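Open the model in your viewer and keep the sequence panel beside it.

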Amino acid sequence: MVSPIFIIAAGLGTAFLLGLLRDEWRAAAYGLTLAALAGTAAIAGGWLWAFAIDGAAPVEILTAGTPAPFAINLRLGLPEAALLLLANLTGLLSAVYLKDTLSHLGRRAMAVLLIIVMAMGGIILTRDLFNLFVFFELIVISTGGLILLSAERHALGAGFKYLIVSQLITILLLIGIIFAYHAAGTLNIDGMAAASLVMLKGGSLAFFLIFIAVVAELKPVPANGWALDIYEAAHPAFSAIFSAAVASASLFAVDKLLLIGGPAWLPVATAIGIISFVASNLLALPQTNDRRMLGYSSVGQVGLILTVLGQRDILGDSTLFIAGGILFSHAVAKAGLFWLSGLVAGRNLQDWSALRGQPLLIFAFVTFLAMLSGLPPFPGFYAKWELIHLLAGHGRLVLLALILFGALLEAGYLFRWFGYIIKGEQPTEVIVPARHKLSVAMIAALAGWALGYLWGGLSAHNNLLQTLPLLFALGFLLLEWLPAWIKNSLAIAGLVAWFILGYPGYDPLQLIFATIMLLGGALILMASYHAQGRRVGFYPSAMLMYAGLAMLIVAKDSFNFFAAWELLTVGSYFLILRGKHSEPHALSYIVFSLGGAFLILAGFALAAQGNSQFSIEALRQVAQPLAPWVFVLLAIGFMTKTAAIGLHIWLPGAHAEAETDVSPMVSGILLKAGLFGLFMLLMHMGKQQLYGVELTHVLMWIGALSALIGNLLAIFQEDAKRLLAYSSIGQMGYALFGLAMMNHLGWLMALMFVINHYIYKSMLFLSVGGIAKRTGTRLMYKMGGLITLMPLSFIAVLIGIIAMSGVPPLSGFGGRWIFYNAIMTAEYRLPMILIFLSGPIAFLYLFRLIHTIFLGQLKDEHRKIKEAPFWILLPQFIYVVCLMVFALVPGLALRRVDAYISQFFPQGALNWEGLTITSDYGYWSPVSIMVVVGVIFMTLFAWLLFVNRKAQKVKQFNIVFAGERPFRPETTHFAWNFFAPYRKALGFLTQPLVTGFWETLTDLLHTAADVARRFYTGNAQIYAIHFLAFVVVLFLLSRGV
Amino acid sequence: MHFEWMMIPYSLLTLFIVVNYGLLLTALMQKIGARVGRRYGIPIWQNYIDLVKNYGLRSSITHGVMFYLGPVFRLSGGVGLLLFVPTIYGSVMFSNLSFAGDLILALYFVFFGALGMALGAGESGHPHAAIGVSRGLSQMTAAELPFALAVFAVALQYQTLSITEIVAAQQGAVLHWTLFTNPFAVAAAMLSFLGSMMRPPFDLVLAPQEIPIGPPTEYHSSYLALMQTNRVIFPIAKIVIYMNLFFGGAASWPVFFLKVFLIYLFSLFVGVAFPRFRVEQSIRWFLVWALPLGIVAIVLV
Amino acid sequence: MKAELEKRIVKGPDGIEFEVDPLQDYYCQEAPTVMPAAYSKIVEGFFNWARAESLWILGFGTGCGAIEMRPLMTPRFDAYRYGVQWRPTPRQANLFIISGYLSVKTLKRAIRSYEQMQNPKYVIGLGSCTINGGMYWDSYNTLKRLDYYLPVDLYIAGCMPRPEALLQGFEDLKEIIRAGKGEGANQYAQYFDWYKMNQKQVIHDWDMPDYNW
Amino acid sequence: MIKRFTVLLLLAGVGTLFAGLLLGYSPDGELNATARYYADHTAPDIGAANIVTAIIVTYRGLDTLGEVTVLFLTAAIVGLVLARGRRRTRTEQRELPPSGELLTTGSRLLVPLILLLGVYVFVNGHLTPGGGFQGGAILASAILLMLLTDPLRRFSHRLISALESTSGLVFVGIGLLGVFFAGGFLDNRILPIGNLGSLFSAGVIPVIYSFIGLKVGAEFSSMLVSLSETEDS
Amino acid sequence: MAHIALATGFILILIGLYGALTNRNILRMIVSFTVADTGVNLVIVAVGYLRGRTAPILDATLPAAEAAARIIDPVPQALVLTAIVIGVGITALMLAYAYKLHETKGSLDIADYRELKW
């Protein structure tokens, strides 16, 4: 094995060697630089291999042939090797990336780059305090040099600010070191730790100075104004080093210091870290400059890792896994993003729309985004999972909440950024990335995936990158070049195959959900056949969602459940984002979903009490004072997905703006994931009381309110898809209500709603989508009279609304019938009022839907439109058949489930004998109803045909009009504001209170951030004062408390 | 209960009786209304004549398939509703086709006709039709609410959803009627009843002075005849539900006639005394006056 | 011709342009036809009886005579007891009372309303004005003879005739109908061109389709 | 005003901190373990008379390497900073007044002497106070003097940088030789440690210190030259 | 003695910092920092001082055997050298920056370089 001293020697030696080369031999110099960096990276890699695979013991390297602590010694273990590799690889890739700049600036710049990488190695390796200082100074100075790589005018100013603050840091650090030396009699870190420096006279103050100085290198809020200016001004390749590698090295230095400081200093580290994490993510919200925002994000991530280091007292052996997971995610992603930012000309976030049309770059971007947000299957996800579990296990709930809050903020601005890329204004210029720059970014992206695989393998859970559904979904990334129809067939085949594969293993409940999610998904995908071209991005996203769903229903433990949940959230987010104007809605969807997911995570963690291997079954055994809280967290988490009232504001836009075949997926299928979660929750946790309040009663109220408000809002929509979307809120409210009733029939009803809602909402979304496709608008009042032109769509919608409104003889009635039987035994009656009110209201919007689109006056411009495309109609008619079958023989699907529910609620099962279904209270015979209604209807129809045989068909304006004739179809079609009187009467209920609440909240956050960031005035002296204030305040705190 | 072929003729007999009774009853009601206004009113057989005339008109037009089917839906709704509800308590045959479903079926089947009619009216392309439907649906949401609560209260009270069993539970004495055992539910339901009878002050749908005459603006000849037929069946079918749930049902046809007459009369009494509400007034009225009664009813049960 | 009735080029949502001719596309293009009586004479007689006993008047007051129709609904006259009632829509009405003078402007509405009534339908000319213009005999825009434009079954003379006269008129009309002579609708269909010609002669700005249905 | 007050307030805080350090400070009576080790082992193990030099070059040789690197880095960066956008001002050469006769003559006399002194200081670094850094600084002062005499004088950047790089390389190379031939990186005992107090003693320390001296001298010179060249405009 | 040196060093640091934080002229700031650096170096050296001892250079008057009892602590002396050199490096760098800043904007007022903020 090559001694690690060569890493330092090679870096330095090459740097010196460069001076010997003629200034003109730039290519040679550049080659030498790359070779040196590659060599050092190889050494680090070799050691990493030795430690990780061969299990070698850490090595000590002595210098000067003298044992420590009398000479400087270095130490190389697994973390050191990994960090070294990271630093050197980042340096190498940045060097590749900087090819042109370095060649332009010459060997001096290359030498500086080499030295900064070497210095990071020194920081990581050294065990001597003063030596640490020297390497820090090297980094400071080389940073001062590398900032100048930037073409940015303001880079000089930023560098100078940095130097000024560095001076302060240096002063404190030196004073601290010398007094620490005086107190401990050694400069060796391990020696100081052994002498327990902080216990010695004068030692704690000295340590405070050292600690604060090194922590300041992590740019903690608020002493970090200079760092942000550097990020904003520096060359992105340098920022990559600065953010990914330097920060990692500094963190490792802090880690070493904490060894000296001992447990007493851990809370300090935690506090500084968490404040940085939350505050910098908050401050990042109003940023418009990409690099500055990335800077804030870097500061935040580093703060998070510092928090993790500060929690090592409870994290124990997992510290490495957790901190490493977050650190490597951060490093790879941030470096990658900075490298990408070098490809984008504009500095505004909106300018990133230039990435559009570059699938590779978008793939890389998405990878980085997911890594930063801690989404599966990347290391941050596993790390966060462990971290939250351990925190919850030790009752550090405030910290847990702050971490999740900060992470949510971060995800918020990151995904907003992604929205700009995908949906921002059409880029003015197309970027043609240089090949070397592109490959650097791609290497980072691939490294991200590799790390994901690695962390998955290291985690105690199953490696997500080895799960078949996820791989299947990711496989579509490789197939993007195929035409859409081939991919579509593959996708359908995959879904069906997975269903067949899993079929023997499903219990009835899972079977229902699996049928809807997998087979149902395949059915909706049939509508995708109508799409032309390659549809880049659609299939990976859709299949990611389906993969998540497939994994969700079979998840046995909380980890798999949560991972599946995150996957389906992300997949659906990408799907929703594909819509034309869906950017803001997709954003609020992902923010709400991630917020909900975090609550679920917190809930699971709380329930598991630190045991990260937590089977869902074990929810039953959660102990009492905790159980209701777990219940609340999980329930709210799941309700973000079912869009219960209060958490619903993402849904209308997200569903309405999605593409034609995506709307039914996200409405018909995705919402069911939330219901599935609620099923799981209630099945295992049952009724819970919090402060004497029965939580299921609260859920009932929420369900009832959702049903009412959802329906009420639906009737005032002008946009057909929005109407359907609001109706989904209402329908999910019904289902939630049924679940919360906690009796046999309530659950059966909820399941019936699951099935029904899937069928008719998918069908209606497809119909409306097809119509919108033909008419070019979704505004219902602009349509009208389409019945003659689109009769098939009309039939589908007609059947759909009859089914949905619960009018016999179609299947919706079954749901209503079960509902009435269920409420007979419900112990709590008041929410029924809302449900009873919302039932007929559903009728209002359904009528409006069919009337304003199909009936009334045909508009001129629609005279020539054709029926919806075949592939959109086909699934609709399959749904019609399903509805009919389900209406006639509901037992086909429900019977087994009924028996299954009896496990939980033995009372109140239905009797399915013969044609009549009987409950304890009533009976219902679907076939008889169908026959009776059919016979009456046909008889009367025949009679009318007989007496009315001479009826003459007239045209649309042949109507009585008070002796006049209509003016134009637009003025004759009564459609806009259809329920105006209703608005007068009950419109006050539709006040956008919830929207207002969330908007106020986000406004508040943004305003707070906007005000707070003025703290960073841009004046170097003020920054220095910030730093001093930081020191003094911390000093006073550490003395006073 | 099971289906027997004999049920068909008996059901048709019920239908026949109800149609005739309804034709006479509605005329009678109009006559009573006229007497309040000191008029003679229409002849008692006038409805028959109007019906024949409308069936006998020679020409008719159609606006499209849904327009054509609307009245069919409407009448199917009325006939179906009538047949799904047992008319005479204690008579298996006059229980009609109630083996197909219980109270819930009846409650929801009410909408069948309304939906079809609304669709038919919609296809006529006449704005007044759409406005009428909009008004009707708006009012219905509020008017149905107290009724639903009352039904829920009654079902809870008797612990069954079967109409026959509810009627059975009220037998024995007048004081066993829900009217006396659960007055709040009945009060709520009767207020709701006003809303569904298309009489002032709740005749928002037709409102001849405002939107002449709402949904049926374009209907005429045999369409209108079908709807007229429904106009005599449907209120009675509805009253039968009320009678069964709240007023002890009817054990024989004379009792049936009497009770239906009296319940119908209630809406007439209110109707002749009040002018028409605006839509939002009507909605608020139901929510403010009828809804609390319904809530009291379900809370007290 | 009003702008909204002129042909126009419309662009569909798919970007293809095409022509819309409102008079063709919005309105039916078939003339009314003569509707045969019922197959059997007995049935037709029965129907005629029912038609006579159920006169549904179109609630359309064309002139000052309308003032005399209102009292018919009051307790004093109570026309309802004769099977007479008012309908707000021509679709459901089968008796059109031209109540008093008919100006050219109102004629358009009257024609349209009449054509939208269903066969069989009846017209009563109320007051002298409908017979010969009455006191408006020399007015430039009042019609002198109603039966040039619409087939009139019965005139009730007077200026104004009292409600009692109207009641008598209804009884006379019933006689006519019962006798099977109330065939104004078929007459209108048969001589459609003639009626149209007369109508267009007085209505100079004919801006409506020929077939209003 | 507010700023001054804030600064004063904060410095009062920092002062408190320092006061805490000051009050907590009690001078050692004896050498601590580390210093004692150096006192006891320098002579036998390293063979350098100047213990500080032994520490600088050998025991804490890695620090010194870093130090040298700092200077190298600074020189490189100063060059980089000042090189950016230089060329445009080349034409506008300002006329400078000639230096005085005294200065010119004096410097001619002094420069060789200063150079000699510098060399002496670093060559004897392991024996007497002084060493590579001090000697290098003295060398650079000669360059400074020359620049004062003739501000427009140009030195060969190539020469300086070659000197600088070679010395650096030698330093690193010798350090690495230690890995192979002695106890570790920067171990001075690849050469015999000789007699305490003689010029050729302390192993490779004099060599290293000489190169450090050359390197420091070159680097300071390079910085001075770079800064002086800014006089152009 | 050591206390006096330390106190002087600390006061120098505070003076330097005050100067650096209140003077808006960049050159004055740099000078202030050198003052503070001097203070730091003074503190370092002072910490290594032992009363009544001599410099850590072995010669005839100071044989190796007595060294441990007679010399002052050599480590701070070694450290201060490094500190000085690094201070010089940073000062040089700051001067170069100052020059360049002045060249780009013609101003040496630190408050003029606030384009990057928030």
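Start in chain C and select strand 6 and strand 7 (residues 154–156), which run parallel and are joined by three bridges. Strands, like helices, are DSSP runs numbered from the N terminus, with at least two residues (E) for a strand and at least four (H or I) for a helix. Two strands count as paired if DSSP finds at least two bridges between them. Within this pair, Leu126(C) has Ile156(C) of strand 7 as its bridge partner.

This is a predicted model: local features need pLDDT of at least 70 and side-chain atom pairs count only at pLDDT 80 or more, while totals for chains, interfaces and linings use all residues. Residues are numbered from 1 along each chain as its sequence is written, and chains are lettered from A and ligands numbered from 1 in the order in which they are written.

Is strand 6 of chain C buried or exposed? Five of the five residues of strand 6 (residues 122–126) are buried, so the strand is largely enclosed by the rest of the structure. A residue is buried if 20 or more other C-beta atoms, placed from the backbone, lie within 10 Å of its own. Tyr122(C), Ile124(C) and Leu126(C) are buried on one side of the strand, and Val123(C) and Gly125(C) on the other.

Now show chain B against chain C. The contact takes 28 residues from chain B and 19 residues from chain C; two residues are in contact if their C-beta atoms, placed from the backbone, lie within 7 Å. On the chain B side, helix 2 (46–56) and helix 9 (221–246) each supply at least two residues. Helix 2 of chain B gives the most, with six residues.

Move to the contact of chain B with chain A, which takes 68 residues from chain B and 63 residues from chain A. Several elements of chain B each supply at least two residues to this side, among them helix 5 (127–158) and helix 11 (279–300). The largest share, 17 residues, comes from helix 5 of chain B. Between these two chains, strand 7 (residues 952–953) of chain A and strand 1 of chain B pair in the parallel sense over two bridges. Lys953(A) has Thr62(B) as its bridge partner in strand 1 of chain B.

Select Val221(A) and Pro222(A), joined by a cis peptide bond with omega about 5 degrees. Pro222(A) lies between helix 9 (203–216) and helix 10 (225–233) of chain A. In chain B, a cis peptide bond joins Pro200(B) and Pro201(B), with omega about 5 degrees.

Then select Ala643(A), a residue other than glycine with a positive phi, near 55 degrees. Ala643(A) sits in the loop between helix 26 (627–642) and helix 27 (651–657) of chain A and is buried, with 30 other C-beta atoms within 10 Å. Finish at Asn96(B), which has a positive phi of about 55 degrees although it is not a glycine. Asn96(B) is buried, with 26 other C-beta atoms within 10 Å.

Note on methods:
A residue is buried if 20 or more other C-beta atoms lie within 10 Å of its own, exposed if 12 or fewer, and partly exposed in between; C-beta atoms are placed from the backbone.
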